Amino acid sequence: MNDNTSTLNTFLTEAKPSQLLWALQDKVSEDWVVLDSIAYENTDVMPLWSSAELAKKHCIEEWSSYIPCEISVSDWFEFWIEDLNEDGVIVGVNWLDDGECLEMELAEFSQALSAIESLK
């Protein structure tokens with residue numbers, strides 16, 4: 001298993017019980033963290049984490065005005081995919097401090113995420 005597969009599997013395993021994804025949102029403007037991709041030119045990436053604790057570690061320096069905000073898996077499928085796809089945004093999975101990150105196409109990430117979606 002390569003590191004990318006391991007990173008994705010860990011993310012899915014950790015997100016499954018809560019059915020939540022975590023992103024960073026500015027407390028005032030309510031803008032979400034979206035930044036330049038490390039791996040792809042002229043591409044924006046939205047970092048997502050499998051827990052509030054992992055996301056909170058990044059609320060420092062230029063992101064100090066941001067807080068972890070939850071996105072339910074069901075909301076991801078209902079609202080987020082279409083908007084991010086229109087904007088050409090990809091996903092960063094469990095972004096790390098050292099800048100290394102698994103970046104995935106939106107469709108590929110969402111397909112993997114569908115495997116953990118619980119029908120309530």
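The model is predicted. Four strands form an open sheet in the order β2-β3-β5-β6, and their pairing is mixed. Strand β1 pairs with β4 in an antiparallel arrangement. On the surface, six acidic residues gather in a patch of negative charge: Asp36, Asp44, Glu82, Asp83, Glu86 and Asp87.

- The edge strands are β2 (35-36) and β6 (102-104), each of which pairs on one side only.
- β2 and β3 run antiparallel and are joined by two bridges. Asp36 has Asp44 in β3 as its bridge partner.
- Strand β3 (residues 44-48) runs parallel to β5, with five bridges between them. Within this pairing, Val45 stands opposite Ile90 in β5, and Leu48 has Val93 in β5 as its bridge partner.
- Strand β5 (residues 89-93) is antiparallel to β6, and three bridges join the two. Gly92 is partnered with Glu103 in β6, while Val93 is partnered with Leu102 in β6.
- Val93 therefore has bridge partners in two strands, since Leu48 is paired with Val93 in β5 and Val93 with Leu102 in β6, under a scheme in which strands pair if DSSP finds at least two bridges between them.

**The β1-β4 pair**

- Seven bridges link strand β1 (residues 20-26) to β4, and the two strands run antiparallel.
- Strand β4 (residues 66-72) is largely enclosed by the rest of the structure, because five of its seven residues are buried.

- β5 is mostly covered, with five of its five residues buried.
- Cover extends to both faces of β5: Val89, Val91 and Val93 are buried on one side, and Ile90 and Gly92 are buried on the other.
- In β3, four of the five residues are buried, so this strand too is largely enclosed by the rest of the structure.

**The negative patch**

- Helix α3 (residues 73-87) supplies the largest share of the patch, four residues.
- Glu82 is in helix α3. Its relative accessible area is 52%, so Glu82 counts as exposed, the cut-off being over 50%.
- Glu86 also lies in helix α3. With a relative accessible area of 58%, Glu86 is exposed as well.

**The β2-β3 loop and two distances**

- Asn42 sits in the loop between β2 and β3. Asn42 is exposed, because its relative accessible area is 81% and the cut-off for exposed is over 50%.
- Asn42 and Gly88 are 46 residues apart along the chain, and their C-alpha atoms are separated by 9.7 Å.
- Glu86 and Pro47 are 39 residues apart in sequence, with a C-alpha to C-alpha distance of 17 Å.

Terms used
Residues are numbered from 1 along each chain as its sequence is written. This is a predicted model: local features need pLDDT of at least 70, side-chain atom pairs count only at pLDDT 80 or more; totals for chains, interfaces and linings use all residues. Side-chain values use heavy atoms; hydrogens and water are left out. Patches are made of residues with over 30% relative accessible area and no salt bridge: like charges are joined within 9 Å, nonpolar side chains (Val, Leu, Ile, Met, Phe, Trp, Tyr) within 5 Å. Accessible areas come from the Shrake-Rupley method with a 1.4 Å probe; for residues, only the protein chains shown count as cover. A salt bridge is a side-chain nitrogen of Lys or Arg within 4 Å of a carboxyl oxygen of Asp or Glu. Lys and Arg count as positive and Asp and Glu as negative; His and the chain ends are not counted. The place of a charge is taken as NZ of Lys, CZ of Arg, CG of Asp or CD of Glu. Buried means under 20% relative accessible area, exposed over 50%, partly exposed in between (1.4 Å probe, protein chains only).
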